[in-house]
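Hi,

Here is the structure I promised to send over. Have a look at it first, and then read on for what turned up.

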Amino acid sequence: MTLTSPTRHQRTDDDQPPRKRGVRLLLGGASLVALAGLGVALFSAQLGETTASHTELPVQDTVLAEPSDLGPVETGDSPVSETDDAENPDGRLQFGTTAFDTEYAGIGKLSPELRDALQAATRDAQSAGVSVMVNSGWRSVELQEQLLQDAVAEYGSEDEASRWVASPETSLHVSGDAVDVEGNGASDWLATNGASYGLCLTYLNEPWHFEYQAGASTNGCAEPYADPTDDPRLRG
């Protein structure tokens, strides 16, 4: 930094006695040095304040995401999502549900005999390397009616739809007496071993549909029907 003094009229060297001129030059030099020192001090103090402010308030290098980018905010000890809801009032089940997931209405509202038999079979199937999962168990009247109407739309008539979906008034799902199973090898394993647990295949066109027959463990399962239209229990 260069400090300059305001321009003012100076007497020539001939106007000043040599001694006084020398003293003045000396004093002038000292003043310039003092002013330079003061400027450096002020600059250092300002630099110190700036450094301190940067130390106390560090600049953030990370750009924070907008709330919409962070997903839902979780509260409590564990996250909660829609799929964690234990009660599906119409009986719908999510993939991976087993006979032990009794907190779901589709399992909890099955007849006790059917549920107990399926739990025992599920344990033994697991030991054999087969996972028995429940695709559908108990269903509400509303869900059964919806499934029937969907089948009518798919197959083109009520007669054809009735080969696959019963009415709410006759469905063994609505009464809690039937389950549809899924899982690699699950239906085959139950078709072969289910009778010892009282679990029987009911319809040939639905290899996933099983019901509980009390005497099956002793007398074997009754002959399955070709499809639900052959089942006298479903004729309203």
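Which strands and helix each supply at least two residues of the lining of the largest pocket? They are strand E1 (133-136), helix H4 (141-155) and strand E4 (206-212). Before you go further, keep in mind that this is a predicted model.

Some more on that pocket. Its volume comes out at about 500 Å³, and 27 residues line the pocket. If you want to find the middle of it on screen, look for Arg139, Leu147, Trp164, Val165 and Asp180, which are the lining residues that lie nearest the centre. Helix H4 gives the largest share of the lining, with 7 residues.

E4 has strand E3 (residues 199-203) as an antiparallel partner, and 4 bridges link the pair. To get from E3 to E4 the chain makes a hairpin through 2 residues. In this pairing, Tyr203 sits opposite Glu206 of E4.

E4 also pairs with strand E2 (residues 178-182), again in the antiparallel sense, this time over 3 bridges. Here Ala178 is the residue that faces Glu211 of E4.

Cheers

Key:
Residues numbered from 1 in each chain as written. Predicted model: local features only at pLDDT ≥ 70, side-chain atom pairs only at ≥ 80, totals over all residues. Heavy atoms only, no water. 1 Å grid on protein atoms, 1.4 Å probe; cavity = no way out; pocket = protein on both sides within 12 Å on 5 of 7 lines; lining within 4 Å. Points joined across faces, edges and corners; volume = space filled by probe spheres on them. Pairing = 2+ DSSP bridges.
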